[in-house]
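Please look through the sequence and the model shown here, and then follow the report below, which takes up strands, helices and the chain as a whole.

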Amino acid sequence: MANMKKETPVKFEATIIVPIISPLAAVYGSFKYFKPSLDGAIKELTAFSANDLHLADYKAEDLRVKVRNTTKSGKPRTIIIGGAEYPRLPCVELEWSVNLTLTDFRCESGDGKPIALSERISYHTQIACERFADAVTSILVASQIAQPGVLRTYGLEIWVGKQCLKTTGSVCGFFGEIVEFAGKKAWPRIESLSIKEVWQWMASFDPLSESLGESEIGRALNAFTYLLSEKPTEGRDLVDLMWAMIGLEALYGRGTSDLTYQLVEKARKLLG
């Protein structure tokens, strides 16, 4: 493909649907310290701009974030539990739309034969949309650091026009319960922060990925994302414990001597 002529840029609109789970009074109504409110968090998200997505490769422009009154597909949403289909919990659907531009259409086939331009455009369109979804997911992870337990979602939907390309992973976790527990114990003190400021801080480290990251903060942030991901019920607690320990070790561990002591003492120094 070295002699491939320069193609005309292709501009299109990509949309990510974020189904935010509404806090249930039956679950959180009796809580004293964790009082989730979606309004303030959603208002912060609607203030994000295209530049905040860090999608320079696709010249992201004109980001719009709005609350949808109906599902984009027009159909009731369901979830699969144990092979059976059930209605989803009540959700607020947040729609993120942005204009992206494709300028690189390079793509090679396994047999070395030329690939039609339409196929290459389709391939790079999906890659660009997945990058957009990754950025939105990372912002939602930042929201869980800024305001633990407030914005929990089902799987994000990637749309181009009227076509749903795929559904990605959710951002969930049970941090509301942790906030309530911390409040009862009066330690550590948990405060709400600006989602955008936390996101800008996160963006200065390694991008969130399937790897563990290169820096200490990068490894801790990547471990944190696994705590927020959806997992099979069987063995979930052990998996969460493992990722929590990886994150703590990345932040506080130095060497291998008395690692448990290091974690406890350094956590106390950090959290007060």
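Strand β1 (residues 10-21) pairs with strand β6 (residues 157-160) in the antiparallel sense, and four bridges link the two; strands count as paired if DSSP finds at least two bridges between them. The strands and helices named here are DSSP runs numbered from the N terminus, with at least two residues (E) for a strand and at least four (H or I) for a helix. This is a predicted model, in which local features need pLDDT of at least 70 and side-chain atom pairs count only at pLDDT 80 or more, while totals for chains, interfaces and linings use all residues. Residues are numbered from 1 along each chain as its sequence is written, and side-chain values use heavy atoms, leaving out hydrogens and water.

Strand β6 is also joined to strand β7 (residues 163-167), again by four bridges and in the antiparallel sense. β6 and β7 form a hairpin with two residues between them, and G161 in the turn has a positive phi of about 65°. The table lists one residue pair for each of these two pairings.

| Residue in β6 | Residue opposite |
|---|---|
| E157 | I17 |

Turning to the helices, α3 (residues 117-146) packs against α5 (residues 195-202) at an angle of about 115°, with the axes 8 Å apart; axes are lines fitted to C-alpha atoms over the stretch in contact, and angles run from 0 to 180 degrees between N-to-C directions. The contact (heavy atoms within 4.5 Å) involves, among others, A135, I139 and A142 of α3 together with V198, W199 and M202 of α5. By class, this contact of α3 with α5 has eleven nonpolar residues, two polar ones and no charged ones, where Ala, Val, Leu, Ile, Met, Phe, Trp, Tyr, Cys and Pro count as nonpolar, Asp, Glu, Lys and Arg as charged, and the others, Gly among them, as polar.

Which residues of helix α4 (residues 175-185) are buried? They are F175, G176, V179, E180, A182 and G183, with buried meaning under 20% relative accessible area, exposed over 50% and partly exposed in between, for a 1.4 Å probe and protein chains only. These residues lie on the same side of α4 because they cover an arc of only 160° around the axis, the arc being that of the directions from the helix axis to the C-beta atoms. They pack against α3 and α6 (216-228), whereas the face turned away from the buried side carries the exposed residues F181, K184 and K185. Just after α4, A186 takes a positive phi of about 60°.

Finally, the protein chain has eight helices and seven strands, and buried residues make up 39% of its 272 residues.
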